[in-house]
Amino acid sequence: MIKKKEITSLLINGFLLIPFLLILFTVFILGKDLPNGIVSGKYFWFYGSMCLVVLVTFSASFFSRKGFRFSLTDLILLLFAGSIFIASMIINNISLNITKLTLLALLTVLYFSVRIISNGCKDNTFNQNLCIFIVITGCVEAVWGLGQLYGFNVSQHTLFKTTGSFFNPGPYAGYLAVVFPLSLYYWFYPPENKKDGNKNWRYFLRMGVKGFSGITCVAVFLVLPATLSRASWLAAVGGSMVIIYVYLNDRFPVREYFSRHKKKVILWGIIVCLFLVFGFIGMYFMKKDSADGRTLMWKVSLQMVMEHPWGVGLGNFSGAYGTAQAEYILSGKASEVEEYVAGNPEYAFNEYLQILVEAGIAGFILFILLIALTIRDLYKTGKWGMLGALISLLIFAFFSYPFSVLPYVILLVFFLAMGNTVPDKESKKLPVIVFSSLLVLFTAICVYKQYPVYNAYKQWNRDKVFYNVGLYKDTSDSYKELYPYLKDDIKFLFEYAQSLAKSDQYAESNEVLGRAMQISCDPMLYNIKGKNYQAMKEYTEAEANFIKSTQIVPNRLYPYYLLAKLYDEMGLKAEACRMAKIVGTKEPKVMSTAVKEMRREMEALICE
């Protein structure tokens, strides 16, 4: 039987836990009534959930007898967030990436809210329940993906079969890889309780967690290979090795065995290393062009750090990268392979490099310190499940863009906060009610600023019908009112600029394109801008934009086609013929009907 005291405790814990569970539920939100709802829907759900989080944190502060102690980790996190704001709004004078800066601010609030609640709990139940719910989210995602794989559920992307609640298999696989070590830990070590011995309800709950975690491991193991995500496979193995080592060390004298059988251990070590080397080679040739493309991204990103040691600002990686890649290719240092694999990435596909580029060297050092302190705290306190999951996330971050996807950053914040242990003797003690009041005020300001943005997204979703049917004048008139709120959404900016161009508002279109180029390196932006200048008979500017498009992504034929048409209009027949020959002979990265049509048109131009 459950005692009244236990019921009261359960109710209180539930009251404290529910808002944070809603935060973790963000991963499932699709936002079908919003444009790009798989991303934007998660954002607005997160904003609403954060209101509940700070209200619960503030309410709990009234009953907390403990103060709030600032730790070194807290200080480093605040300095890191501050460095990003400085790099974005002061050094680069960019105050337009409101969405990402708002998310950064609210994630900082979430971190301190978890810290306050964890600090007020008598035991580790709060953190433990959060981890168990993370396992539940992983199980749901794995089953969701299996349903998509066998045709029971609809994928979120027309080109991929298995995406879960994400927009493509990459982030989906990475999320499963992060959850897998945590599930493995609870399979090996279900949460214990001092009163389990009598096989009361706590014992059966413990066994339920163990069984459910095992099911999650099996489900993830079944669906992960189907994603073909090499980074997620490495991440899952890396994090799981932590859990397996701890498990074996608890049952066998691993260190003693190593010391007694050094030769055997060295031999097996060599075999494992060879296996890993051949495995890496196999994964490289599995998607060779993709691997070569990422190598080019990393090389260009490192060069960007030399030019922007203080960072280019949050959300500005892609725009700055386009300029840097164009300069690298124009310099003649790029090989034929690099020119062939060059693309227009939104992300660096290495979060450490992207942080280095966007936050600068100082921000990068602060981030590394933050991660190092968290790993130290998790290791010291024996929170192996969280440590394994964090290691998986950090490995995945070497090859992908998890910190640009909200559900991942939420997991990272939870791991940072739950891993941060503060000894009683450290730092000064602040009244928790005062600190939580500041969190409420800060969140209220952030969410209030985003409410008009939410309305703008809903209006954009309604007005997209004008754009889709080609009523560009009506589209541009409608989008003009939404522009102040959606000027950090590249898809909106592209549609708005196209609508202005199609309705002969070329100067206004170029103004919007200029904003879009700050946050994206899509060469189509330069193509549209060049066509606008061509329509205005400003041929020099048109030529410059078409050439810039060829420099950013040299393997695309469309800008050469536009240059040929431009030179033909200008009466420069020799130049037009030269561009037409490039269109006819240059090997495209992807052969398509559009390429064949351009070549047929260029053949006619050459014949003239």
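**View A. Helix α17 and the bend at R462.** Helix α17 bends by about 35° at R462, where the bend at a residue is the angle between axes fitted to the seven residues ending there and the seven starting there. The model is a predicted one, in which local features need pLDDT of at least 70 and side-chain atom pairs count only at pLDDT 80 or more, while totals for chains, interfaces and linings use all residues. Residues are numbered from 1 along each chain as its sequence is written, and side-chain values use heavy atoms, with hydrogens and water left out. Helices are DSSP runs of H or I with at least four residues, and strands are runs of E with at least two, numbered from the N terminus. Helix α17 covers residues 432–468, 37 residues in total, and reaches 52 Å from its first C-alpha to its last, close to the 54 Å expected at 1.5 Å a residue; the expected span is 1.5 Å times one less than the number of residues. After α17 comes G470, which has a positive phi, near 85°.

**View B. A nonpolar patch on the surface that includes I90.** The residues I86, M89, I90, I91 and W310 together form a nonpolar surface patch with about 520 Å² of accessible area. Patches are made of residues with over 30% relative accessible area and no salt bridge, like charges being joined within 9 Å and nonpolar side chains (Val, Leu, Ile, Met, Phe, Trp, Tyr) within 5 Å; accessible areas come from the Shrake-Rupley method with a 1.4 Å probe, and for residues only the protein chains shown count as cover. I90 belongs to helix α3 (residues 72–91) and counts as exposed because its relative accessibility is 61%, given that buried means under 20% relative accessible area, exposed over 50%, and partly exposed in between (1.4 Å probe, protein chains only).

**View C. The salt bridge between R115 and D74.** The side chains of R115 and D74 meet in a salt bridge, at 2.7 Å from N to O; the term requires a side-chain nitrogen of Lys or Arg within 4 Å of a carboxyl oxygen of Asp or Glu. This pair links distant parts of the chain, since R115 lies in helix α4 (residues 98–120) and D74 in helix α3, 41 residues apart. R115 is buried at 5% relative accessibility, and D74 is likewise buried, with a relative accessible area of 0%. The structure holds 8 salt bridges.

View D. K473 forms a salt bridge with D477, their closest N and O atoms being 3.1 Å apart, and both residues lie in helix α18 (residues 472–486), 4 residues apart, or about one turn of the helix. K473 counts as partly exposed at 45% relative accessibility, as does D477 at 40%. In helix α24 (residues 573–585), R578 and E575 are 3 residues apart, about one turn of the helix, and their side chains meet in a salt bridge of 2.9 Å, N to O.

**View E. The surroundings of C139.** A search of the whole structure finds 0 disulfides, a disulfide being a pair of cysteine sulfur atoms within 2.5 Å. The closest cysteine sulfur to that of C139 is in C217, 9.7 Å away, and is therefore too far for a bond. C139 is buried at 7% relative accessibility.
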